[in-house]
Amino acid sequence: MTDTLQNAVLAALRDPAHRISSAWLYDQRGSALFEAITQLPSYYPTRTEIDILDTHLPEITAAIPGHTLVVELGSGSSRKTVPLLNSLHQPAGYVPLDISADYLADAADGLSAQFPGLPVLPRVADFTSAFDLPADLPEHGSRLGFFPGSTIGNLDTGNARDLLRHCRMLLGGDSRFLVGIDLDKSPDILIPAYDDPEGVTAAFNRNLLVRINRELGADFDPDDFRHEARYFEAPARIEMHLVCERAITIHVAGERFELTAGESLHTETSRKYNIEAFSTLAAGAGWSVSGHWIDARGRFAVMLMHATPL
Ligand code: AVI
């Protein structure tokens, strides 16, 4: 991820692909809009993953040793973390990692209140570059990485492999990794999930434009862009774009850019895996799949992996 919004926007506008990391979608309003997306009837991933965990957690956690330290990437919603911690046998501690210090502090406080006596050790981390675990963790004992939500799908293949490998190194030889992935499916289901009739995903995407005007003093009209969700087959993915409705000029940070009608900013990729493709990716990063659980409609999978020698 580029270090500042200004550098990311300038790099995206200079490059003909106009691609910007989806991490910039998540300011305070963007995070609230994403929360609203997870409640939409057409956005199936969140509730499908929760259903899978609700149904299968006893079976999943039976394969995980007691006294394991849980490291969650994304310090997620307690709707997923609480049942996991409840289902594990005497977890040794909980380490939530998140890019937002505020969100992290709230998540950590909430968890501490619900699990008195459980060591909770939050840590700010950006998954698009190398990150560390807190220094004062117990040296011994097994570790469980938890990366729900199919957020791994927002990384391109190389970055996803790097992240899996980095987690393998941080978590160590006696570790497991529980990862949620969204499965490839018909565009008839995927497109409405990323372009809902209520317009919440459109607002989430266009919030980036509002941000650019507000934070970088740019002067264009966000209404000149429309939200578009595009499905591609190989590799299977949804791309979110902000498409220019007419030719416009953007002034930002002392530079001037001309965009023609139909040109778009590519703001997010959301990979849709199948079990085999994800297992192969993970195998190249030191993880072997020991089990996977899929909902009855075959939409989403929770993958349990164990560390293999690097
Ligand atoms: C966070 N991430 C897994 C979401 C996804 O489905 O790729 C982000 C999102 N973008 C639009 N809707 C949801």
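Cys 244 is buried, at 2% relative accessibility. Here buried means under 20% relative accessible area, exposed means over 50%, and partly exposed is in between, with a 1.4 Å probe and protein chains only. Cys 167 is buried as well, with a relative accessible area of 3%. Searching the whole structure for disulfides gives zero, where a disulfide is a pair of cysteine sulfur atoms within 2.5 Å.

Some bookkeeping. This is a predicted model, in which local features need pLDDT of at least 70 and side-chain atom pairs count only at pLDDT 80 or more, while totals for chains, interfaces and linings use all residues. Residues are numbered from 1 along each chain as its sequence is written, and side-chain values use heavy atoms, with hydrogens and water left out.

Next, the rings. Rings of Phe, Tyr and Trp (its six-membered ring) pair if their centres lie within 6.5 Å; planes under 30 degrees apart are stacked, over 60 edge-to-face, and the rest tilted. That rule gives 10 aromatic pairs. One of them is Tyr 26 with Phe 34: the centres are 6.0 Å apart and the planes are at 75°, so the pair is edge-to-face. Tyr 26 is partly exposed at 33%, and Phe 34 is partly exposed at 26% relative accessibility.

Tyr 43 and Tyr 194 also make an edge-to-face pair, 5.8 Å centre to centre with 75° between the planes. This pair links distant parts of the chain, 151 residues apart: Tyr 43 is in the loop between α2 (28–37) and α3 (45–62), and Tyr 194 is in helix α7 (residues 187–194). Helices (H or I, at least four residues) and strands (E, at least two) are DSSP runs, numbered from the N terminus. Tyr 43 is buried at 6% relative accessibility, and Tyr 194 is buried at 5%. Ring pairs join Tyr 26, Phe 34, Tyr 43, Tyr 194 and Phe 204 into a cluster.

Which residues come nearest to the ligand? They are Tyr 43, Asn 154, Tyr 194, Glu 268 and Ser 270, out of 14 residues around the ligand; a residue is near if one of its heavy atoms lies within 4 Å. An N or O atom in the Asn 154 side chain is 2.8 Å from a nitrogen atom of the ligand. Tyr 194 has a polar side-chain atom 2.5 Å from a ligand oxygen atom, and for the side chain of Ser 270 an N or O atom is 2.6 Å from an oxygen atom of the ligand. The ligand taken alone exposes 340 Å², and the protein buries 98% of that; these areas come from the Shrake-Rupley method with a 1.4 Å probe, and for residues only the protein chains shown count as cover. At least two residues of the shell come from each of α2, α8 (200–216) and β10 (264–271).

Last, some backbone geometry. Ala 234 and Pro 235 are joined by a cis peptide bond, with omega about -10°. Pro 235 is in the loop between β6 (225–233) and β7 (236–244). His 67, not a glycine, has a positive phi of about 60°; His 67 is in the loop between α3 and β1 and is partly exposed at 46%. Ser 150 likewise has a positive phi of about 60° without being a glycine. Ser 150 lies in the loop between β4 (143–147) and α6 (157–171) and is buried at 5%.

How values were computed
A polar contact is a pair of N or O atoms within 3.5 Å; within protein, one must be able to donate a hydrogen and the other to accept it, and residues adjacent in sequence count only if both atoms are side-chain atoms.
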